[in-house]
Amino acid sequence: MFGCGAAAQVGAEARQRGFSRALIITDPNMVKAGLVDRIRASLVESQLTGEVFDGGVPEPSTAVVDAAVAAARQARPDFIIGLGGGSNMDVAKVAAAVYAHGGSAGDYFGENRFPAPGLPVFALPTTAGTGSEVTAVAIIEDPARRLKLAVASPYLKPRLAIVDPLLTLTCPPRVSAESGMDALVHAVEAYTVLDYDALDVPAGARPQFSGKQPITDALAERAIRLIGRHLRAAVYQPKNLAAREGMHLAALLAGMAFNSAGLGAVHALQYPVGALTHTSHGLGTGLLLPYVVGYLLPANPNAFARVAFWLGEDIAGMSAADAGALCVEAIQRLKCDVGLPMRLRDLGVREADLRPMAEQAATYQRLLRLSPRPLDIAALEGILRSAW
Ligand SMILES: NC(=O)c1ccc[n+]([C@@H]2O[C@H](COP(=O)([O-])OP(=O)(O)OC[C@H]3O[C@@H](n4cnc5c(N)ncnc54)[C@H](O)[C@@H]3O)[C@@H](O)[C@H]2O)c1
Ligand SMILES: [Fe+2]
């Protein structure tokens, strides 16, 4: 469900599906912003109960998921509401599955580790960024390895996504900027990965990320156009409803696009950058995007020329190569305008860190196998060096 005011229908939607007891998985900022009260009021109006777990934190670890599961064991809900940015929604998605199947969040890293669906989840995003409300993946930190890892399973997909731009009006400018750049990365990566037909896998063995198709292209194009038009205003005029609406739709469409098409080198490189610098996911992906685009450009200049055009650049009369180069510039400008750091060294990364980070990134074949230009450790290190 998408639209201003949609969140007020959460109680009615749950009741229609036969649910009666919710556990709302969220964080203290959502309580402070009055969003939890709004959700509870809707539940009460439809004669449902809503317990609250507000132990969510940005970039959560398995410990947060396990605490949410413990809260669920107390509250015995028949469905879960994930309210917040990607962090809270990811916790809600994994907690709902771990609650049903037992064990701890750390037992489920990797692909397809849940044998069946868990508790149903309603996801209500409060940032315009991750698209987690529609994806079959959650990103959780493994404290033992001090690294964010994916838990991926079709059973993680929320039963219902309620995407209400009104929930983003209190989102702080920095979070709006970083998560908004992440949405742009999702759309650009989904639009520029290899084709669906390029993956040579036996029938029935298709991975979740399986290449771009006309449907994901349409979603990505619309998302990129919306972000080019609305991200700056969403950051600098937090109450600008048209901008918030445009960005929330963009993040949703970008999530739908990458959930099928896949992601690429930007995401593979962000994991080690985030682990080393303790910066947010969106800051890292946004910072890295223009440098990765610079590397990928020769593989498909036409695609990046179109991205430049959708971001609002005038490419009339330009060669594809020149228009593609303009794409790099357009992304740098947007990144700079919304206040993201420009270079890895601005985050305290040292030159000696680049090689080990490239080695780490190269292990994420789930993300790299769809790259339009081959990526080995040397190429990844080259991208990091240009970003540094
Ligand atoms: N599952 C996926 O498909 C997917 C995709 C991309 C990223 N992620 C993950 O999502 C996380 C990042 O999520 P994010 O960028 O949405 O940020 P976030 O969820 O970490 O939120 C950042 C901060 O903003 C606050 N906040 C969010 N919305 C607010 C609002 N409306 N009002 C007031 N405060 C608000 C939160 O309380 C939090 O402190 C990372 O862990 C990342 O790895 C997941
Ligand atoms: Fe992302």
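Let's start with helix H9: ten of its 13 residues are buried, so H9 is largely enclosed by the rest of the structure. Here "buried" means that 20 or more other C-beta atoms, placed from the backbone, lie within 10 Å of a residue's own. This is a predicted model, where local features need pLDDT of at least 70, side-chain atom pairs count only at pLDDT 80 or more, and totals for chains, interfaces and linings use all residues. Residues are numbered from 1 along each chain as its sequence is written, while chains are lettered from A and ligands numbered from 1 in the order in which they are written.

H9 covers residues 265-277. Helices (H or I, at least four residues) and strands (E, at least two) are DSSP runs numbered from the N terminus. Among the buried residues of H9 are His267, Tyr271 and Pro272. Their cover includes strand S7 (147-152) and helices H6 (173-192) and H10 (281-296), with contact meaning C-beta atoms, placed from the backbone, within 7 Å. Just past the helix, His278 has a positive phi of about 50 degrees.

Now for the sheet. It is open, with five parallel strands in the order S2-S1-S3-S5-S8; strands pair if DSSP finds at least two bridges between them. Strands S2 (49-53) and S8 (160-161) stand at the edges with a single partner each, so one side of each has no neighbour in the sheet. S1 (residues 21-25) is joined to S2 by five bridges, and Ile24 stands opposite Val52.

Terms used:
The expected span of a helix is 1.5 Å times one less than its number of residues. A residue is buried if 20 or more other C-beta atoms lie within 10 Å of its own, exposed if 12 or fewer, and partly exposed in between; C-beta atoms are placed from the backbone. Two residues are in contact if their C-beta atoms, placed from the backbone, lie within 7 Å.
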